[in-house]
Amino acid sequence: MKTNFCLRLLRSDEADKAVHFLEDKERECTALMEQIIQNAENVFVIEKDDENKFCAFFCLKNVTTLLHYIPVKDFSAEQMQELKCIVKNFLSEHKVACVYGEYEGSVFVNSVLEEIGKKKIRDNEYILMENDFSALEEIGEREDVYVRKCSIEDAQKLFELETGYQIEEVQVVEHKDNEKIVNFILNRSLTTQNVFAAFLKNSDEAVSKAATNGIGKNCMQIGGVYCKRDFRSKGITKFVMKHLLSFIKQNEKKAVLFVKVMNESARKLYESLKFVPCGKYMISYFEK
């Protein structure tokens with residue numbers, strides 16, 4: 001099928017143009033925006049051949065994770081068929097094992113992957129939420145824990161929290177969790193993102209954490225929120241979140257996050273912090 005679109009690598013001198021294109025959609029693709037700002041090597045753009053006009057973006061992060069922005073509603077049915085052809089060629093050449101992004105775009109990418117024979121393991125559906133800090137509460141103090149921003153020196157103290165988060169919230173059976181993977185993820189987060197944790201005042205044990213996992217132009221995306229089981233329902237994670245939100249506000253960004261549709265307790269926590277729903281998100285896992 002002849003197509004009016006082309007898919008190619010984004011050039012470094014086009015980063016500003018890409019940021020401008022995505023700026024008002026950033027809450028849906030903060031992690032992708034971060035990659036573009038950092039001039040990551042594996043960012044691809046889909047553009048109209050005859051207009052040199054950007055239409056959609058892909059980024060291959062860590063080789064097998066596909067971040068995307070595909071405004072499905074902006075394309076006609078005929079255009080979607082054209083897009084499917086070039087996206088199919090692209091995906092056939094890369095070993096994508098995780099698709100990460102806005103819901104309708106993920107559905108489109110997943111359908112192409114399944115069409116070329118990739119076996120899906122699982123979909124995780126999320127509610128996308130944002131906070132403009134119009135009702136940010138005072139942080140206050142607690143007698144049992146204190147919160148601080150962490151550094152790479154805290155990796156060992158945070159290892160148990162990160163392991164729990166990876167097992168309960170991220171990993172699936174086919175993606176085996178192990179110490180090497182957790183250490184890699186944790187060290188990367190501590191060196192490239194903003195990690196806040198609550199520590200017991202009487203023992204300095206880390207019991208809850210929250211972090212950014214994407215830093216865009218106008219938004220910071222929150223992820224990795226986790227609390228040890230024995231310390232849940234005590235308001236500790238909300239306390240950590242208040243510190244992180246205060247940090248994001250001080251950096252003049254908006255806060256966005258996504259929460260699993262079925263995770264009612266987490267959704268209630270975020271609602272209590274004045275996050276409001278603003279869309280749908282999905283992360284899908286495929287066999288490598």
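## Helix α7: a covered helix

The buried residues of α7 are Ile-236, Thr-237, Phe-239, Val-240, Met-241, Lys-242, His-243, Leu-244, Leu-245, Ser-246, Phe-247 and Ile-248. This is a predicted model. Helix α7 runs over residues 236-250. It is mostly covered, with 12 of its 15 residues buried.

How far does α7 reach from its first C-alpha to its last? The span is 22 Å, close to the 21 Å expected at 1.5 Å a residue. Just after α7 comes Glu-252, which takes a positive phi of about 60°.

## From α7 to Tyr-146

Phe-239 is one of the buried residues of α7. Tyr-146 sits 93 residues from Phe-239 in sequence. In space, their C-alpha atoms are 8.9 Å apart.

Tyr-146 belongs to strand β7, residues 145-149. Is Tyr-146 buried or partly exposed? Its relative accessible area is 28%, so Tyr-146 is partly exposed. Set aside the neighbours within four places in sequence, and Tyr-146 is in contact with Ala-197, Ala-198, Phe-199, Leu-200, Lys-201 and Asp-204.

Now look at α5, residues 155-170. A straight helix of 16 residues would span 22 Å at 1.5 Å a residue. Helix α5 spans only 19 Å between its end C-alpha atoms. Where does α5 bend? The bend is at Leu-161, and the angle is about 30°.

Leu-161 is also buried. What covers them? The cover includes one helix, α6 (179-192). It also includes the strands β8 (195-200), β9 (206-215), β10 (219-227) and β12 (276-286).

## How α5 meets α6

The axes of α5 and α6 come within 9 Å. They cross at roughly 115°. That makes the two helices roughly perpendicular, because angles of 65 to 115 degrees count as such. The crossing of α5 and α6 is right-handed.

Which residues of α5 meet α6? They are Ala-155, Leu-158, Phe-159, Glu-162, Thr-163 and Gln-166. On the α6 side, the partners are Glu-179, Val-182, Asn-183, Ile-185, Leu-186, Asn-187 and Leu-190. An α-helix has 3.6 residues a turn, so residues three or four places apart point the same way.

## Helices α1 and α2

Another helix pair is α1 (residues 15-22) and α2 (residues 30-37). Their axes are 9 Å apart, and the packing angle is about 160°. Angles over 145 degrees count as roughly antiparallel, so α1 and α2 are roughly antiparallel to each other. The crossing of α1 and α2 is left-handed.

From α1, the contact uses Ala-15, Ala-18, Val-19 and Leu-22. From α2, it uses Leu-32, Met-33, Ile-36 and Ile-37.

## Positive phi in two loops

Asn-39 lies in the loop between α2 and β2 (43-48). Asn-39 is not a glycine, yet its phi is positive, at about 55°. Its relative accessibility is 44%, so Asn-39 counts as partly exposed.

Val-63 lies in the loop between β3 (53-61) and β4 (65-69). Its phi is near 75°, a positive value in a residue other than glycine. Is Val-63 buried or exposed? Val-63 counts as exposed, because its relative accessibility is 59% and the cut-off for exposed is over 50%.

Terms used:
Residues are numbered from 1 along each chain as its sequence is written. This is a predicted model: local features need pLDDT of at least 70, side-chain atom pairs count only at pLDDT 80 or more; totals for chains, interfaces and linings use all residues. Side-chain values use heavy atoms; hydrogens and water are left out. Helices (H or I, at least four residues) and strands (E, at least two) are DSSP runs, numbered from the N terminus. The expected span of a helix is 1.5 Å times one less than its number of residues. The bend at a residue is the angle between axes fitted to the seven residues ending there and the seven starting there. Buried means under 20% relative accessible area, exposed over 50%, partly exposed in between (1.4 Å probe, protein chains only). Contact means heavy atoms within 4.5 Å. Axes are lines fitted to C-alpha atoms, for helices over the stretch in contact, and angles run from 0 to 180 degrees between N-to-C directions. Angles under 35 degrees count as roughly parallel, over 145 as roughly antiparallel, 65 to 115 as roughly perpendicular and the rest as oblique. A crossing is left-handed if the near helix is turned anticlockwise from the far one by less than a right angle, and right-handed if clockwise.
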